[in-house]
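Hi,

Here is the structure I promised to pass on.

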Amino acid sequence: MEDSTHIPSITKQEEIVTQMCICPDCPSWVESGERGGFCLDTISKSKYISEKNGCICSECPIAKKVGFENSYYCMRESSEK
């Protein structure tokens, strides 16, 4: 029986986030082989996205669930204000 307070491993969290990620639908997205999930602290910002061409972070199910309020997580770490 799994404990209801079990916290998934970082690897599992990253897998869940990248599966739910809507980053590839973003106007700022650059096709480069990155998986997205930039809002998660353990996933670094994009190495390829450098222009702000529109942002859909506010529509992201992950950002909504966690309560993130910023945008352009692809270009800055989620901990930045």
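Below is what I found, going from the whole chain down to single residues.

First of all, please keep in mind that this is a predicted model. The protein chain has 81 residues, and buried ones make up 32% of them. Its secondary structure comes to two helices and zero strands. If you take the contacts between residues at least 6 apart in sequence, 47% of them join residues at least 24 apart.

Next, the core. The largest nonpolar core has 19 residues, and the members that touch the most others in it are Trp 29 and Phe 38. Leaving out residues up to four places away in sequence, Trp 29 touches Cys 23, Pro 24, Glu 34, Arg 35, Gly 36, Phe 38 and Ile 49.

How many cavities of 30 Å³ or more does the structure hold? There is one. The largest cavity holds about 190 Å³ of space. It is lined by 18 residues, and those closest to its centre are Cys 23, Phe 38, Cys 57, Tyr 73 and Cys 74. Two of these names have come up already: Phe 38 is one of the pair that touch the most other members of the core, and Cys 23 is among the residues that Trp 29 touches.

There is a pocket to look at as well. The largest pocket has about 230 Å³ of space. Its lining is made of Pro 8, Gln 13, Ile 16, Val 17, Met 20, Leu 40, Ile 62, Lys 65, Val 66 and Phe 68. Both α1 and α2 supply at least two residues each to that lining. Which helix gives the most? That is α1, with four residues.

In general, side chains of opposite charge can pair when their charged atoms come close. Glu 15 and Lys 12 sit three residues apart in helix α1, which is about one turn of the helix. Are these two buried or partly exposed? Glu 15 has 34% relative accessibility, so it counts as partly exposed, and Lys 12, at 39%, counts as partly exposed too.

You will find it in the loop between α1 (10-20) and α2 (61-66). A polar atom of its side chain lies 2.8 Å from the backbone nitrogen of Asn 53. Apart from neighbours within four places in sequence, Ser 28 is in contact with Ile 49, Glu 51, Lys 52, Asn 53, Gly 54 and Tyr 72. Ile 49 is also on the list of residues that Trp 29 touches.

That brings me to Tyr 72, in the segment after α2. What is its phi? It is positive, at about 55 degrees, although Tyr 72 is not a glycine. With 15% relative accessibility, Tyr 72 counts as buried, and it is one of the contacts of Ser 28.

Cheers

Conventions: Residues numbered from 1 in each chain as written. Predicted model: local features only at pLDDT ≥ 70, side-chain atom pairs only at ≥ 80, totals over all residues. Heavy atoms only, no water. Polar contact = N/O pair within 3.5 Å; in protein donor to acceptor, adjacent residues only side chain to side chain. Contact = heavy atoms within 4.5 Å. Buried < 20%, exposed > 50% of the residue type's maximum accessible area, 1.4 Å probe, protein only. Core = buried A, V, L, I, M, F, W, Y, C linked by side-chain atoms within 4.5 Å. 1 Å grid on protein atoms, 1.4 Å probe; cavity = no way out; pocket = protein on both sides within 12 Å on 5 of 7 lines; lining within 4 Å. Points joined across faces, edges and corners; volume = space filled by probe spheres on them.
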